[in-house]
Amino acid sequence: VCASNDNKVLYDFFRTGEYNKNRAFHVTVSPSMDILISSNLERLLAHMGGQAATKAEMESLNKDGVYHAEITEKSISGEYATEAETFAAIKEVSDEIARVYQDTGYVMDTHTAVAYAAYQKYKAESGDNTPMVIVSTASPYKFTKDVMTALDAKYADGDAFALQADLERISGVAVPAPIVGLEHRPILHKNVCEKNEIKEVVKNWLK
């Protein structure tokens, strides 16, 4: 199951065979999934259909923002989770889904929550109850404020660093050593530039 957030370009692709980046871009609480172009999918297409076909598809994507591909890998299902479903998966306020936090105390980060919510939707749609491994690649401490807000709306106005103590208490997992005291460390990189200035800024750095 390939899970997406509100930027569900992969969900649409696995459902229809059309990849179309000509759509609105959504900033979400699962930013690593905030994409309109997936480089990993390009690798999968090359594996399934060969490099020549993939090259033509990528050229179409660059030119028109869209391409069509025959999906031969039927074992992949696209699913997605909205922001509300992502937050619900973290706290598990719905009786329709398994209650991981309620039953085990495990606190998911926002990306794992997208995957978990997508899995529950897949299971409800397909009736497939095969045990599934959900790949979690991030710590909830990376998204402390959003995770805590999902658990209780009272944390929405809290400071992300201050909320780490609450997350430690709730999750039973210690704050990772690399981020302890991070808010007190000096800011080393302060340069900011617009997208169209990147080339010139890099050239100046290289001088």
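**Helix packing, burial and contacts**

Trainee: Is the crossing in which α1 passes α2 left-handed or right-handed?
Mentor: Helices (H or I, at least four residues) and strands (E, at least two) are DSSP runs, numbered from the N terminus. A crossing is left-handed if the near helix is turned anticlockwise from the far one by less than a right angle, and right-handed if clockwise. Where α1 passes α2, the crossing is right-handed.

Trainee: On what kind of model does this rest, and what is counted in it?
Mentor: Residues are numbered from 1 along each chain as its sequence is written, and side-chain values use heavy atoms, with hydrogens and water left out. Local features need pLDDT of at least 70 and side-chain atom pairs count only at pLDDT 80 or more, while totals for chains, interfaces and linings use all residues, since this is a predicted model.

Trainee: How many helices and how many strands does the chain have?
Mentor: Read along the sequence, the elements follow the pattern β-α-β-α-α-β-β-α-α-α-α-α-α. The C-alpha trace spans about 60 × 55 × 25 Å along its principal axes. The count for the chain is nine helices and four strands.

Trainee: Are α1 and α2 roughly parallel or roughly antiparallel to each other?
Mentor: Axes are lines fitted to C-alpha atoms, for helices over the stretch in contact, and angles run from 0 to 180 degrees between N-to-C directions. Helix α1 (residues 9-16) packs against helix α2 (residues 39-49) at an angle of about 25°, with the axes 11 Å apart. Angles under 35 degrees count as roughly parallel, over 145 as roughly antiparallel, 65 to 115 as roughly perpendicular and the rest as oblique. The relation of α1 to α2 is therefore roughly parallel.

Trainee: Which class, nonpolar, polar or charged, do the residues in the contact of α1 with α2 belong to?
Mentor: With contact meaning heavy atoms within 4.5 Å, L10, F13 and F14 of α1 meet L41, L44 and L45 of α2. By class (Ala, Val, Leu, Ile, Met, Phe, Trp, Tyr, Cys and Pro nonpolar; Asp, Glu, Lys and Arg charged; the others, Gly among them, polar), this contact has no polar and no charged residues, and its six residues are nonpolar.

Trainee: What is the orientation of α2 and α3 to each other?
Mentor: The axes of α2 and helix α3 (residues 51-64) come within 7 Å and cross at roughly 140°. The two helices α2 and α3 are therefore oblique.

Trainee: How do the residues of the contact of α2 with α3 divide by class?
Mentor: On the α2 side the contact is made by E42, L45, A46 and G49, and on the α3 side by Q51, A53, T54, E57 and M58. The residues in this contact of α2 with α3 divide into four nonpolar, three polar and two charged.

Trainee: Is M58 buried or exposed, and what is its relative accessible area?
Mentor: M58 is found in helix α3, and M58 touches E42, L45 and Y67, not counting residues up to four places away in sequence. Buried means under 20% relative accessible area, exposed over 50%, and partly exposed in between (1.4 Å probe, protein chains only). M58 is therefore buried, at 12%.

Trainee: How many of the 17 residues of α6 are buried?
Mentor: The expected span of a helix is 1.5 Å times one less than its number of residues, so the 17 residues of helix α6 (residues 110-126) should span 24 Å, which agrees with end C-alpha atoms 24 Å apart. What covers the buried residues of α6 includes β1 (2-4), β4 (78-80), α4 (83-91), α5 (100-104) and α7 (144-151). The helix α6 is mostly covered, and the number of its 17 residues that are buried is twelve.

Trainee: Which residues is S77 in contact with, leaving aside neighbours within four places in sequence?
Mentor: S77 lies in the loop between β3 (66-68) and β4, and S77 counts as buried at 19% relative accessibility. Leaving aside neighbours within four places in sequence, the contacts of S77 are V1, C2 and Y122.

Trainee: Does H26 count as buried, partly exposed or exposed?
Mentor: The place of H26 is in the loop between β2 (18-20) and α2. Apart from neighbours within four places in sequence, H26 is in contact with D6, N7 and D34. At 36% relative accessibility, H26 counts as partly exposed.

Trainee: Which residues is T144 in contact with, neighbours within four places in sequence left aside?
Mentor: T144 is found in helix α7, and at 4% relative accessibility T144 counts as buried. With neighbours within four places in sequence left aside, the contacts of T144 are A160, L163, Q164 and L167.
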